[in-house]
Amino acid sequence: MTMRVVVDLNRCQGYGQCFFLAPGVFELRGEEALMYDPGPGEAQRAAVLRAAAACPVQAIMVERTGRP
Amino acid sequence: MITVNGTGHAFGTGGRVVIVGASLAGLRAAEALRAGGFTGTLTLVGDEVFEPYDRPPLSKQVLLGGTDASSTTLPRACDLKAEWRLGVPAEGLDVPGKRVRLAGGEEIGFDRLLIATGTRARPWPNVREAALDGVFVLRTSSDAAALRRKLAARPRRVLVVGAGFTGSEVASACRELGLPVTVAERAATPLAGAVGTVIGAVAGQMHREHGVDLRCGVSVTALEGDSGGHLRRARLDDGTTLEVEVAVAALGSLRNTEWLRGSGLGAGPEGVACDAGCRVFDMFGIVTDDVFAAGDVARCPHPVFGFEFLAVEHWSNAVEQARVAAHNMLASPSQRRPYLHVPTFWSFQFGVGIKSVGVPSCGEEVIVMQGSTGERRFVAVYGHQGRTVAAVTFDQGKWLDFYREQIEAAAPFPPPFRNVDRSASRRPVPAQFPDPAVPTEGPRIVRSGHSPTDREWTIVPAVG
C-alpha cells in the first residue's frame, strides 16, 4: 500500500518544512525547485502527514480516503 | 434544488453527470461535485487505462529515475462513488439527445456533461520517422516510462526538438543524468512563446551553463534510422547533421476535440469555446445549458485580459476551472460563478524554479523589477497599454501573490513603486515574443480570439 501525495507547486514557496520533516520524500533542488515522491511507502505515512500539516502555505495534499 | 427539464426530479439527488476526461480537471471536478452535494450517478470516461495521475513529475522526477512513472496517481479529496470507464475513449456526442458515445458503440446518457478531454502531445510530423526506435513524445505516463528506460540505457546523445517547458525540463534531466544533449529550437531562445525572448535568453544561458548544446533559430528537417529501424542521426536546416540515439519531440500539444465533430458545439483545434461560467457554446455562439468544459481543452473569455478567449494548459487552471465548472453544473442560474482565476505556471529546470502569474504573451514590454537576471534570481513584470498583465519569477516565487493582486487590479505599468534592489536606470524594454505565425513549440496559454464565432476552422454541422 502506497500513499498518494501531490504538491501544489504554484503555492509552494520553498519554506522547507517538508524536507526537514520527511527528508526521504521531499527534496529541494536549488532554492525553490521542490522534488517529491508522489507515491511514498506506508512507512513514511506519519512523516508525510506531519510535513503536510507543517507546510506554511498548505500546498501538500495527501489522500485520506479509500477507493474508488 | 435544481430540477431537470420537465422531469421534476431533483438533479442533485437523482441526476446523471458524465465527465469525459479522467485526468486532473476531471478528477477535481468529480470531487467538487460530491463536495457540493451531488448524490446522483457520476461517470468518468478516460481514454487511458490509468486512474487520474499527475503529469508534472513525468518530465522531472520520473526521468531522473527517483520516481516510477506508474506512481504519480493523484490523491483524492473524497470518496467519489463514481463509475469509471477507463481505457475507452469517447467518440461522439449527441447534445439534444444528451448522450455520449464511447468507442465500441456504447452510449451513456447524462443530465449534465463536463468536457475535460485535455490535450495530447503533438507528434513528430513524419509518421515513418516518428516510428523509429528512439523517437519519443512526452505527455503520458507510458511515454515517460518508455523515455526513462531509454535514458537509463545511457544513449550517446539525446536530441530535444523544441525548447518549451517540456523540452527544457527533458534537457535539464538529461544533463543531471550526465547525458550529452542537443536542444534544437526554432525561435531565438527557449521558452520564447511563453515568456518572450528577452527573458527566454536568460533560460538559454541556463541551458548552456549546464552543458546543453543549445541551437536556436534552427529546425530539424529529418530523423534518420539504420536498417534495424533505430534512430541514428538528425538533419538540421542549417546543413548540420547530428549523431543521436534518442530524439524527444517537444512540439507542444493538440487539443482533444475531434470526438466532438458533428456535435454542433463550438469546438475545434483551438479548444472548446465556453462562457466565463464554463458553459459550452454551440457552433453559433449560443450557450448551452447542460454541457460544460474545463481544463486544457476549454477556452473561455477572461475579464482581466479584455475578455479575450484563453485556453490555458497549466496545472492550476485544470484545478480551479474544474471547481468552477462543477459549482455551476449544480448551481441555479443566479448562483453561478465566473471563472476569474489568473493563470499561473511553474517549471523547474537546471535547479531554478521558473514561475509565472498572468499572461506574459499579453504584454508588449517587460521590466526586471527585483533581483538580477545574471544571478538567475529576479522578477520580470510584463505590461500592456500601461497596465500590468503578468510577472515571471526565477527563484522568486514568493512575489507571485503580490503581482497577482496587481494584475487583478489592472495596476499601472511600469509599476510606479521603488524597490531597494532596483537600479534607477531600469526601463521597460520590448518583451519580444515571436511572431505567432511562425510555429514554435507553442505557448501554453493560447490567445484564441475574442469571439466564439471566429471561424478559423471548418465547422461540420451535425447530420440529420
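**Chatting through a predicted two-chain model**

Q: Hi! What radius of gyration does chain A have?
A: Chain A has 11 Å, and a compact globule with 68 residues would have a radius of gyration near 11 Å, so the two agree. The radius of gyration is taken over C-alpha atoms, and the globule rule is 2.2 Å times the number of residues to the power 0.38. This is a predicted model, where local features need pLDDT of at least 70, side-chain atom pairs count only at pLDDT 80 or more, and totals for chains, interfaces and linings use all residues. Residues are numbered from 1 along each chain as its sequence is written, while chains are lettered from A and ligands numbered from 1 in the order in which they are written.

Q: Which elements does chain A have, and in what order?
A: Chain A has 2 helices and 4 strands, running β-α-β-β-α-β from the N terminus. Helices (H or I, at least four residues) and strands (E, at least two) are DSSP runs, numbered from the N terminus.

Q: How much of chain A is buried?
A: Of its 68 residues, 37% count as buried. A residue is buried if 20 or more other C-beta atoms lie within 10 Å of its own, exposed if 12 or fewer, and partly exposed in between, with C-beta atoms placed from the backbone.

Q: Switching to chain B, which strands make up the open sheet?
A: There are 6 strands, in the order β3-β2-β1-β7-β21-β20, and the pairing is mixed. Two strands pair if DSSP finds at least two bridges between them.

Q: Which strands are at the edges?
A: Those are β3 (83-86) and β20 (279-281) of chain B; each has a single partner strand, so one side of each is left without a neighbour in the sheet.

Q: How do β1 and β2 of chain B run, and how many bridges join them?
A: Strands β1 (residues 16-20) and β2 (residues 41-46) of chain B run parallel, joined by 5 bridges. Within this pair, Arg16(B) stands opposite Thr41(B) in β2(B).

Q: What about the core? Which residues touch the most other members?
A: In the largest nonpolar core, with 156 residues, they include Ala29(B), Ile115(B) and Phe292(B). A nonpolar core is a set of buried Ala, Val, Leu, Ile, Met, Phe, Trp, Tyr and Cys residues joined through C-beta atoms within 7 Å.

Q: And which residues does Phe292(B) touch?
A: Not counting residues up to four places away in sequence, Phe292(B) touches several, among them Ile115(B), Cys278(B) and Met329(B). Two residues are in contact if their C-beta atoms, placed from the backbone, lie within 7 Å.

Q: Is Cys278(B) buried or exposed?
A: Cys278(B) is buried, because 30 other C-beta atoms lie within 10 Å. It lies in the loop between β19 (271-273) and β20 of chain B and has a positive phi of about 70° although it is not a glycine.

Q: What about Lys81(B): buried or exposed?
A: Lys81(B) counts as exposed, because it has 11 C-beta neighbours inside 10 Å. It has a positive phi of about 45° although it is not a glycine, and it lies in the loop between α3 (61-64) and β3 of chain B.

Q: Last one: where is the cis peptide bond?
A: That bond joins Phe413(B) and Pro414(B), with omega about 0°. Pro414(B) lies in the loop between α9 (400-408) and β29 (429-430) of chain B.
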